[in-house]
Amino acid sequence: MQIDIVSVFPEYFDVLNLSLFGKAQSKGLVSVHAHNLRDWTHDVHHSVDDTPVGGGAGMVMKPEVWAECLDDLLGLEPQAITADSDTATAIETNTTDESGETDTADNTGDADETGETDTATQNSTLDGTLTDTPSEARRQTPARNLETVLIFPNPSAPLFTQRDATELSHAKRLVFGCGRYEGYDARIPAYYQAQGVDVREYSIGDYVLNGGEVAVSVMLEAITRLLPGFMGNPESIVEESYTGSEALLEHRQYTRPAVWRGMEVPDVLLSGDHGKVDRFRRDEALARTDAIRPDLIEQLDCALLSKADRKTLMALGWEVSAEHPRRLKRG
C-alpha cells in the first residue's frame with residue numbers, strides 16, 4: 001500500500017518509523033511519504049492560509065495551494081468547474097447541516113505553532129469543510145474503485161469506524177490531507193470528487209484537535225494493522241472490539257499470575273475447557289456491549305444469534321424475536 005500524507009508539519013509522521021509500522025515499511029508492506037504543503041507555495045512567506053470569506057476568527061487553508069499539491073500527487077490537470085456541475089451543487093447544498101446550522105470544525109485547529117507566516121488566531125478551532133455529498137450528486141459521481149482514496153479528517157463528517165478501516169485496508173493508495181487553523185476551503189474535497197477521485201471525510205470523535213495529523217495517525221494505525229503480514233499474529237485481530245459483521249466490544253483479557261494482589265482470574269479461564277471459556281468470553285462481550293454500547297446490540301441480526309446468545313441477551317433485558325434485538329422497558 002502506498003501512503004501519501006500532506007501536512008505543514010511532515011516531521012510529525014516520523015513516528016511511523018517505530019514499532020509494527022516501521023517493520024511493515026522495512027518489509028515493503030507499506031510505503032509512506034510525508035509531504036510539506038508549503039513546498040507548493042510561491043510567496044516569500046510560504047503562506048498556506050487566508051482570512052475566511054464572510055468574516056470570522058482565524059484563517060482558512062487556501063484552495064490554490066492544496067490544488068497544486070494534490071494535482072501533482074494525483075497526476076491531474078487543473079480544470080475549471082462550471083456553476084451547474086455536481087461540485088457546485090454539492091458546495092451549495094452542504095453549507096448548512098440538517099439542523100440548518102453552518103458546519104464548523106475540521107479535526108484540527110489552532111494557530112500555526114511555528115509562528116511563521118500564517119496569522120491564525122490563537123486557540124481558534126478548525127472550520128468545517130464539505131461533509132457528505134448529497135445523495136443526488138453522489139449517484140452521479142464515478143463509482144469507487146479503491147485504487148486511490150483521498151481522505152481529509154473533519155469532525156463535521158461521519159465517524160470513522162472499524163468497517164471503514166477494513167474497507168480502506170484494501171486500497172492500493174491512500175492520500176491524506178491534514179488541515180490546520182480554521183480548516184481547509186470546502187471547495188477542495190468537492191473539486192476532487194467532481195474530478196472522479198474517491199474522496200472521504202471522516203471524524204474520529206466528538207472533539208476538535210489542533211491539527212489533522214493526530215487524526216490521520218489514528219486512521220492509519222487502524223487501517224494498516226489489517227494488512228496481511230502487518231501483525232505478527234493475525235489471529236489477534238479476529239475477536240477485537242468492533243470487528244466483524246456482528247461487532248461487539250471485546251471481552252476482558254488476563255495473563256499470569258492467576259492471583260495478583262488478591263485479585264483472581266475467573267476460574268473458568270483456568271478450567272482447560274475451551275467450550276466453556278469461549279462461552280464465558282462471548283457472554284462477557286455481550287454484557288459489556290450491553291452496558292457500554294447498547295447501540296451495537298441493536299444492530300445484531302437475531303437470525304444469526306445462537307440459542308445461548310439469545311438466552312444471555314434475554315437475561316440482560318433484550319427481546320430477541322424480531323429482526324434485531326429490542327430493549328425491553330424496565331419496570
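Residues are numbered from 1 along each chain as its sequence is written, and side-chain values use heavy atoms, with hydrogens and water left out. Because the model is predicted, local features need pLDDT of at least 70 and side-chain atom pairs count only at pLDDT 80 or more, while totals for chains, interfaces and linings use all residues.

Five strands build an open sheet with parallel pairing, in the order E2-E1-E6-E5-E7. Here helices (H or I, at least four residues) and strands (E, at least two) are DSSP runs numbered from the N terminus, and two strands pair if DSSP finds at least two bridges between them. Strand E2 (31-36) and strand E7 (198-202) stand at the edges with a single partner strand each, so one side of each has no neighbour in the sheet. From one strand to the next, the twist averages 20°. Angles run from 0 to 180 degrees between N-to-C directions, and axes are lines fitted to C-alpha atoms, for helices over the stretch in contact.

E1 and E6 run parallel and are joined by five bridges, with Gln 2 opposite Arg 173 in E6. E5 and E6 also pair in the parallel sense, over four bridges, and Leu 150 stands opposite Val 175 in E6. Five of the five residues of E6 are buried, so this strand is largely enclosed by the rest of the structure. Buried means under 20% relative accessible area, exposed means over 50%, and partly exposed lies in between (1.4 Å probe, protein chains only). Arg 173, Val 175 and Gly 177 point one way from E6, whereas Leu 174 and Phe 176 point the other way.

Helix H2 (residues 63-74) lies across strand E1 (2-7), E2, E5 and strand E6 (173-177), and runs at about 170° to E6. Helix H6 (residues 187-194) lies across E5 and E7, at about 150° to E7. The axes of H2 and H6 come within 10 Å and cross at roughly 35°. On the H2 side, contact (heavy atoms within 4.5 Å) is made by Pro 63, Trp 66, Ala 67, Leu 70, Asp 71 and Leu 74, and on the H6 side by Arg 187, Ile 188, Tyr 191 and Tyr 192. These residues divide into eight nonpolar, no polar and two charged; Ala, Val, Leu, Ile, Met, Phe, Trp, Tyr, Cys and Pro count as nonpolar, Asp, Glu, Lys and Arg as charged, and the others, Gly among them, as polar. H6 is mostly covered, with six of its eight residues buried. After H6 comes Gly 196, whose phi is positive, near 95°.

The nonpolar cores come next. Such a core is a set of buried Ala, Val, Leu, Ile, Met, Phe, Trp, Tyr and Cys residues joined through side-chain atoms within 4.5 Å. The largest has 32 residues, of which Ile 3, Ile 5, Leu 174, Phe 176 and Ile 223 touch the most other members. At least two residues of this core come from each of E1, helix H1 (19-26), E5, helix H5 (162-168), E6 and helix H7 (212-224). H7 gives the most, with six residues. A second, separate core of 24 residues includes Val 8, Val 65, Leu 74 and Val 197. Leaving aside neighbours within four places in sequence, the contacts of Ile 3 include Phe 21, Val 30, Leu 174, Phe 176 and Leu 220.

Two loop residues complete the account. Asp 185 lies in the loop between E6 and H6, and counts as buried at 14% relative accessibility. Not counting residues up to four places away in sequence, Asp 185 touches Val 60, Met 61 and Pro 63. Phe 230 is found in the loop between H7 and strand E8 (259-260), and is buried with a relative accessible area of 7%. With the same exclusion of residues up to four places away in sequence, Phe 230 touches Leu 20, Phe 21, Ala 24, Leu 29, Thr 224 and Arg 225. Phe 230 and Val 30 are 200 residues apart in sequence, yet 9.2 Å apart in space, C-alpha to C-alpha.
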